[in-house]
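The following questions and answers examine how terms are assigned to features of a model. Each answer sets a computed value against the criterion that applies.

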Amino acid sequence: MKLPIYGQSTDGREHWRSLSEREQRRAHPSEFPAGAAEAPEGFSRRGFLQVLGASVALAGLEACRPPRDTIHPYVRSPEREVVPGAALHYATAAEWGAEAVGLLVTTYEGRPTKVEGNPDHPASLGASGTFEQALLLDLYDPRRLQGFVRGGQPLAFRSTLRALSDLAASHRGDGGARLRFLVRESGSPLLADLRRRIQARYPRATFHVHESLSSDEVREGTRIAFGRPMEPRLRLEGARVILALDHDFLGLGAERLRLAREYAARRTPGPGAEMNRLYAAEAHLSTTGAVADHRIRMRSSEVLSFARAVAHRLAEKHGLAALAGCGQKPAVRIREAEAVADDLARVGAEALVTAGPRQPAAVHAVAAAVNAALGSAGRTVEYRPAPPGPTGPASLRALADAVGAGQVDTLVVTARNPVYAAPADVGLGELLARVPNSLYLALREDETSQRCSFVLAASHPFESWGDARAADGQVTICQPLLSPLFESISEVELLASFLDEGDRGGHRVLQDLWRSRSAAPDFDVRWERWLARGLVPDTAVAPEVPAVRAGEVAAAARSAPAPREGLEASFVADPKLLDGRFAENAWMQELPDPITKMTWDNAALLSPATAKRLGLESGQRVELRLRGRKVEAPLWIAPGHADDTVTLPLGYGRTVAGPTGTHVGFDAGRLRAAEAPWIDGGLALAPVGRRKHAFACTQEHFSMEGRDLALTFDRGDLAGEKHRLDELRGPLPSLLGQVDYQGQMKWGMAIDLTRCIGCSACTIACQAENNIPVVGKEQVARSREMHWIRVDRYFSGDPENPEVVAQPLACVQCERAPCEYVCPVNATVHSDEGLNEMIYNRCVGTRYCSNNCPYKVRRFNFFEYHRPKSATEKMLMNPDVTVRSRGVMEKCTYCVQRIERHRIAARIAGQEIRDGQIQTACQQACPSQAIRFGNLNDPGAQVTAWHGDERRYDLLHELGTRPRTAYLVRVRNPNPELAHG
Amino acid sequence: MAETATQVERLDPLDPIPVLAGRPGDREVNDQLFLPVWQQTRRGWLALFAITSSLAGLLVLAISYTVATGIGVWGNNIPVGWAFDIINFVWWIGIGHAGTLISAILLLFQQRWRTSINRFAEAMTLFAVMQALIFPALHTGRPWFDFWLFPYPSTLGLWPNFKSPLMWDVFAVNTYFLVSLMFWYVGLLPDLAALRDTSKKRGARIAYGIFALGWRGSARHWRHYRIAYLLLAGISTPLVLSVHSVVSFDFAVSLLPGWHTTIFPPYFVAGAIFSGFAMVLTLVIPARKVFGFEGVITAKHLENMAKVMLATGLMVSYGYAVEHFNAWYSGDHFESFLFFHTRQAGPYAPVYWLMIFCNVVVPNVFWWKKARQSIWALWIASILVNVGMWTERFVIIVISLHRDFLPSSWAMYYPTLVDWSIYVGTLGMFGTLFLLFLRFVPSVSASEVKELRRELDHEAHARAAH
Amino acid sequence: MASYVLGEFQEEAALCAAARRLRELGFAGLDAHSPVPIHGVDEALGLKRSPVPLIGLVGMLLGGGGAYLMQWWMNAVDYSLNVGGRPPQSAPAFIPVTFESAVLVASVFIVGGLFALAGFPRLHHPVFEVEAFRTACVDGFWLSAEVEAPRAEAAAEEMRRLGARNVSRVDGEEA
C-alpha cells in the first residue's frame, strides 16, 4: 500500500532540483555528494546540512511504505489500516550488546517519527534513553549505504543473493574450514538458530563474536566465582546500600533505564520511605558518580584494592569469614572502606556491590563473593547463565591470527565497524586486505567497509524482522516499521542466504522458527498478540543463586596483576557516541556531554591537581604516548577526576564517517592494546603548540555563585531548611491583579532534582518530538544551540571532589511571563490554560523576549537551520509541530501538540482528560520519572501533589514570574560517618 | 530674558568674545555663507566624499549580506540577544539629540549663540537619526515583516502589543525623525529662497526654486512662519526629552540587572545631549576652519558647547553613581553582582573602565577655561566622549546580558566582521550625507544671522544712547 | 485683471511708512517682501494674528486622543489577550504612544497649516517677473500692491513719491 507522504513521490519517479544536480546524479550514481568530505568545523557545519540536502540525489526517492508483511500496532485502532494524520504505535526493540530494550515507535502514514519505551518491557518500563531515541535519525540518514557492491561492481538484490549462495556453496567441500563469520553480539534467538544451522551445514566454519563494549571481564569474573560464566542483573528496588565499583549502571548498558527507575523509586525522603544510599568508586565523574551520595575518587586500577579492603573489613569486623581470603588490609582510603563495609553489613541482604565491565575479572569475582556473603545474591542481584566465548578484543585477536595465517578465504562481517573498534595492536584493517572474499554488512560507509571487497547495505533495525532478548530473557519480536528506504539486506537475510534461504525474507524465517517453537494450534493469533504487545510470554529465564568458590576468588584477587607504573590511561565508552556507533548521528554529536557539557568533541580528562602538577591547562593540546603509539588530543580539566590518571573517551576521531562524524575529536582507540583495552599504565603527555583548542560547550560556568538555583540538602537538614524554602515559594505582593484559571485546565509541571540523574534523555526526546534542528559545532560555540530543554550542571564545594547537581530546565511557563509583555507583535502570549505560547508565524524576531527571560530558555533561529532537507529527513519531522524558519524565536510549550491531540481524542470519546493521560516528551522519556505534568486544578493530580510537596520551590521566585514549573529540592543521603571531610 | 542676556553681555568684562564677529551687511552675510554652495567643488571635499561614500557602500553590502543570510552573521547569541545592533541604534539616536535640542530649547530661551550652529546641529540630527533607524529595522530576524510593528488591519486580525517598549520606540523614533525633518526644512525655507534668487545658473535656480516652494519673504509668509517655527520649537523640546526616555524604557522596563533601573530616562537624556554636543563639536571645528566661518561660529559658541558638555557629563556621572548606589542599597544579589563584580572584574572590564575614563574623567577638563578655549582640547575631548558614550551602551547592553540570572546560560559575545562593517558603514553614510549637506545647503542660516545682526545693532544703539 | 506694482525701499522703516500711506489711500492687496521679518509691518499692512497655533492645538488633541483610543480598542476591546498577566487596558503603558502621536500630528498640522495659509507650494508668482525683485530674499525691502490695472500708475506714482527705487509694474495677464 502506498500513501502520499509529504515531500515524497508516490510513483518512484526520479526527482531533481536542478539540471546540474540531475547530471551529477547521472554521472556518478554511487559517488559521494560534492563536499561530503569537508571537515565539520566552522561554517561548513551548515554546509554539511546542505550536503545532506544535495545527497537527496542519492536517496533514491522511493516512497516510504509500510512493510509488505502485516505488522500490529501496540494499541489496536478500530480500523486496521493506516489513517492519514493519525499516529500508530508499534512495539519493537533495540539491542545493546546481548540485551534488548523494548520500544514503542510512533508512526504517521507508515513513517516512524518518534521512539518511546515500551511500558510492558522489563528493560524500559516505558522510558527511553538518548541512544534509543537517536536510532531514528540513523534510519533516515541519506548517507546510508544503498545497494550492494562487489569489487566496485554494483549488484542487484537477486544477483547478490545468488552471489552469496555461490560463495556459500564454494565452501561446502571442506565443511567451511576457510569460512569465517565476525558477527555482532546479540541475544536474538533467531540469529542464534541461524548460527546453529550454519554450523550444522559447515561444521568447520568459525564464528567470532565482537562487541566493543564487551562484558568479557564480567563473565570471566563470574566464572571464577561460580565456575561458569554468569550474567548479573541488578535489582535495585530492594537495595538500601549500593556500592558501585567503577560501574556507571545509570549511564550505560541496556538495563540503565530500568535501574534508573528502581534507583529513583527509593530516593524520596520522608517518613516510612527509607532512602537508599549509593557509594561510587570511580576515576572520572560518570552519570552514576554524579548522583552518588558518596563518590570515592580513585584510579580505575585502584578499584580492586578498594573492593578487597571492603571485603577485608566485612570479614574482620562483621564476621563474614567467606571473604577472609579475598580481603586485604588497605593502605589508603581506610576510613572510606570501613565506613562502606559497615554500611553494607548494616543492611546485610539489602546491600549490593556491583562492578563495571571495564574492571578486571578479579573485581567482579570479589563483588560476587561479597554479595553472596552478605546474602544479597538473589535479592539485589540475580544471575543467569551467560553465552560462552569471548566477545571483546580476545575474539578479534583470534580472528586476526587466523587471517594472518592465511586460513580464511571468506569472512562475513556483521559486527559493527570492527576495523575502527579493534585495539590498535590487532591491526585488523591491514589483515582484511588478505582475505579474498571479505563481506561486510554495514549501515554506512565506514573504516571497515573501505577494506572489504563485498559491501552490502544493511537494513536499519526498524526496517527488518528479528527478535531480541531482555536481560531477564524475555523475548521481543522486532517488527519492521516500514519497508527499507534504500535497497538493502538485513542481517537475518544475509545469514539465511548461507542456508540458501536468503530469498525467503526475514519475516518467514523468523515466523518458521517461532512456529516450530510454540507449536500451538492458534499460533497466528498468538503471533499477532506478541507483535502487538512487544513481548513473547513465558520466555523469561529463571535466575539462579550459584555457590561461590571462595578459594578461586581469593586466588584471583591475590594473583591479579599489579597495574603498570606511571600515569594511568583509562579508556571509557563516550556517554554520547559509545564506541563511535553514533558518530554520524548529529543529535548525539550535539547533545551536551552529561558532565562536561561538551558537544561535537572529546578530550583527555584529568584532575585539577594532576594538571597543576604537569603544568597543563584546559584546552592545551598534548601528544599522548602509550606503548609506542601516539595520538594528539586536547585536555579538559575535569572537577572530581581522580589524580594521576587520564580518561580517554572512545568513539571519536573517525576517519570515514561522513560529513557529520569525520575528524570530530580524537581517536583514543589508537592507543589501546588488546591485553589492556580499558585500563593501562605508562601514559606520557607532551604539550603540542601554543594554540588553545576551541571546545564548543553549552555551559561555560559551573558555579551557582551562591544563588538559590539547584538546591541540594542532606536528608537530615531538610526539616531545618523549611524557612529558607518558604522564601522561594508562595505568593508575592504584586500590583497586578490575578488571572483566574479556575474551571479549566491549568497545566503545570514539577521536576524532582532528587530523582533526576542528568542523563539528558529529555533533551533528545524533546529534540525528536519538536523538530528541533541541529546547528553544528561552530554555532554551538557561538552559544546558539537549539535544545528546548537543557540539563544544567552545577558543581559546588571542593573542586577536587565536588558535589554535583543536575537541573533540567525548559520554559517554566511563567504566569507573569516577562517575555510576553515586551513582544511588540503579540507573538508570544498566554493561553487561557496558562501556557506561554509561541506563535511562530507571527514572530518577527526582535529577541527582546529572550533578553527579558531570566531563565534564558528561549532559542532563536539565527540561520535557516532546517534547510535544505533530504527527502528522507523530511519524513522524520513530527507533522504536529511547525518547522520553524530563520529569524524566529522558539521554545518549549509543554508539548502543546500532545495536549491538543488528547483533548481532541477525549472530546470524541466524550470523556474528561484523565491525570497522567497526557505526557510531555521529556516526561515520557525520563527513566527516573523525575518529571511530572498535569492539571494543577485537579487536586488529585500527581503534579499537584508535587507542587504541594515540602521540598517544592520556584526557580528565581523573587522575580515574581510565578513559574508553572516547580522544582523539588535534591536530597542527599550521606553516611554520617563520612559526612564531613 | 533677552534683556538680561544683553545686560550680561554688556556688563561682563570676563566674556568679551562676541557671538558675531564684525557687523556684516545682509549682502555680505549671504556672500560669505553661501560661498561653499556657489564656489567650485573643492578637492578636499571630493577626497572626503570618496572615503565616506565607499564606506557607505560597505554598509549596503553588509546589510544585503545580513538580510540574505540571516542575522546569524552577527555575533549575537543567546543570552546576548542584542549587541552591536542596539548599541549603535542607541548611540546614533543619542547623537541625534543635540540638534533639535540646540534649535528648540535654545530658541525658546533666546540663546543667540544658537543661531550660527543650529542648522549644523539639526542636519546632524537628521542624518544621525537616519543611521539609527537602520538598526531597529535590520536587527529583527525577519526584517521583511517589520511592518507588523505598525498598527494596521491585517489578515491575522491581530494588533501590535502596545505594552511593549519596542512599540513605543516605533512611535517615538519615527515621530522624532519626521518632526526634526519638518523643523529643519521649515527653518531652511528663507535660505532656499535666497539661494534661488542669488543663483547664477538656471538649473540651480529651478532646483532651489522648487525646494523654496515659492517663498517670497512676504509679510504674510513671515507672519505664519515665525509662529509656526516657534511652535515647532516648543513642541520639539518635550519631544527630545521623551524620545530618549522612551529608548531607555527598552531597558528600564525589563527585569534584567543593569537594565531594570529607574534612573535611566533622565540619565539617557543627559547622555544623549552629552554625546550630541560632542558630535556637533567634532563636526563644527573642522568645518568652520575649512569654510572660514570663524566670524560666524566664534570661540564663544565652542566654549558654550564645552560648558554644556561639562554639565551633561556630570549628570551622566551622577547617573552612574545612582545606578551603583541602588545596586548596593537594594541588597539584591543579582544587581550587586553585576555592578560590583561583573562590570569591574568581568571579561569586559576594559570596556567599562574606558567608559569611566571617557565619560566621567574627560569632561572635567572643561572646568578650565584654557581647555574650553583650546580648539585641540575641545576636538579631542569631543571624540573621546563619542567613544565613551558608545562604550556606555556596550556596558549597559552586552555586559548586563552576558551574565544574568542563571550562570548556566552565561556566554560571551564576540562581534563579527559584519558587525563592524555595519557600524563603520553607518559612520560612512552619515559622513556622506553631511558632506552633501555642506556642499548644497548653507550650513549656517543666513536669514537668522541677519536677524541676529539687527538685534546686536539695536543694542549697540541702546548702549550708545547711555 | 489685476496687476502688481512693486517698489524697493532702503530700509524697514521707510517700507512700513509707505505701506501705511498706501493703505490710507485705499490701496488693498498690499504686501511686503523682505529677507528678514520686519517689526511693525503686520500692523502697517493690517494683518491679524496667525491661526497656526489653533490649528496646532487641534492636531495635538486629535493625535493624542486618537492614539489612546486606538491602543485601548486594539489591545483591550477588539483582540484582548492575556499578555504576561498584565491587564489588557493599562493606562501607564499607553502614555508614551499617546504623547508621541500628539506631538507628531500637532507638528503635521502646524506645518500643513503654514503651507495652506502661505499658499505653498506656489512655484511661480507674477512678482518674480521683475528681475530686480530677486533682492527681496537677500537684502532688499519691497512693497507690492495688487491693484486694478487702471489704478496701477497711481500706485507706482505714489511709491516713487515715498522714495521707492526701481518701481516696476507687472500686469496680470502676463502672470
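Q: At roughly what angle do the axes of helix α5 (residues 97-108) of chain B and helix α9 (residues 219-252) of chain B cross?
A: In this predicted model, the axes of α5(B) and α9(B) cross at roughly 135° and come within 8 Å.

Q: Why are α5(B) and α9(B) called oblique to each other?
A: Roughly perpendicular covers 65 to 115 degrees, and roughly antiparallel requires an angle over 145. The crossing is at roughly 135°; α5(B) and α9(B) are therefore oblique. The handedness of this crossing is left-handed. Residues making the contact include B:Leu101, B:Ala104 and B:Leu108 of α5(B), and B:Ala233, B:Thr237 and B:Val240 of α9(B).

Q: What classes of residue make up the contact of α5(B) with α9(B)?
A: There are 10 nonpolar and six polar residues, and no charged ones.

Q: What makes α5(B) roughly perpendicular to helix α10 (residues 264-291) of chain B?
A: Their axes cross at roughly 90° and come within 7 Å. On the α5(B) side the contact is made by B:His97, B:Ala98, B:Leu101 and B:Ile102, which meet B:Ala272, B:Ile273, B:Gly276, B:Phe277 and B:Val280 in α10(B). Seven of these residues are nonpolar, two are polar and none is charged.

Q: Why is the aromatic pair of B:Phe147 and B:Trp148 called edge-to-face?
A: The ring centres lie 6.2 Å apart, with 70° between the planes. A pair requires centres within 6.5 Å, and planes over 60 degrees apart count as edge-to-face.

Q: Why is the pair of B:Phe434 and B:Phe437 called tilted?
A: The centres of these rings are 5.5 Å apart and the planes stand at 55°. Stacked would require planes under 30 degrees apart and edge-to-face over 60, so the pair is tilted. B:Phe434 and B:Phe437 are three residues apart in helix α16 (residues 417-440) of chain B, and are therefore separated by about one helical turn.

Q: Why is B:Phe147 called partly exposed, and why does B:Trp148 count as buried?
A: Buried means under 20% relative accessible area and exposed means over 50%. B:Phe147, at 39%, is therefore partly exposed, while B:Trp148, at 9%, counts as buried.

Q: How do you know that B:His224 is buried, and which residues is B:His224 in contact with beyond its neighbours within four places in sequence?
A: The relative accessibility of B:His224 is 3%, so this residue counts as buried under the 20% limit. B:His224 belongs to helix α9 of chain B. Its contacts beyond those sequence neighbours are C:Ser50, C:Pro51, C:Val52, C:Leu114, C:Leu117 and C:Ala118.

Definitions and conventions. Residues are numbered from 1 along each chain as its sequence is written. Chains are lettered from A and ligands numbered from 1 in the order in which they are written. This is a predicted model: local features need pLDDT of at least 70, side-chain atom pairs count only at pLDDT 80 or more; totals for chains, interfaces and linings use all residues. Side-chain values use heavy atoms; hydrogens and water are left out. Axes are lines fitted to C-alpha atoms, for helices over the stretch in contact, and angles run from 0 to 180 degrees between N-to-C directions. Helices (H or I, at least four residues) and strands (E, at least two) are DSSP runs, numbered from the N terminus. Angles under 35 degrees count as roughly parallel, over 145 as roughly antiparallel, 65 to 115 as roughly perpendicular and the rest as oblique. A crossing is left-handed if the near helix is turned anticlockwise from the far one by less than a right angle, and right-handed if clockwise. Contact means heavy atoms within 4.5 Å. Ala, Val, Leu, Ile, Met, Phe, Trp, Tyr, Cys and Pro count as nonpolar, Asp, Glu, Lys and Arg as charged, and the others, Gly among them, as polar. Rings of Phe, Tyr and Trp (its six-membered ring) pair if their centres lie within 6.5 Å; planes under 30 degrees apart count as stacked, over 60 as edge-to-face and the rest as tilted. Buried means under 20% relative accessible area, exposed over 50%, partly exposed in between (1.4 Å probe, protein chains only).
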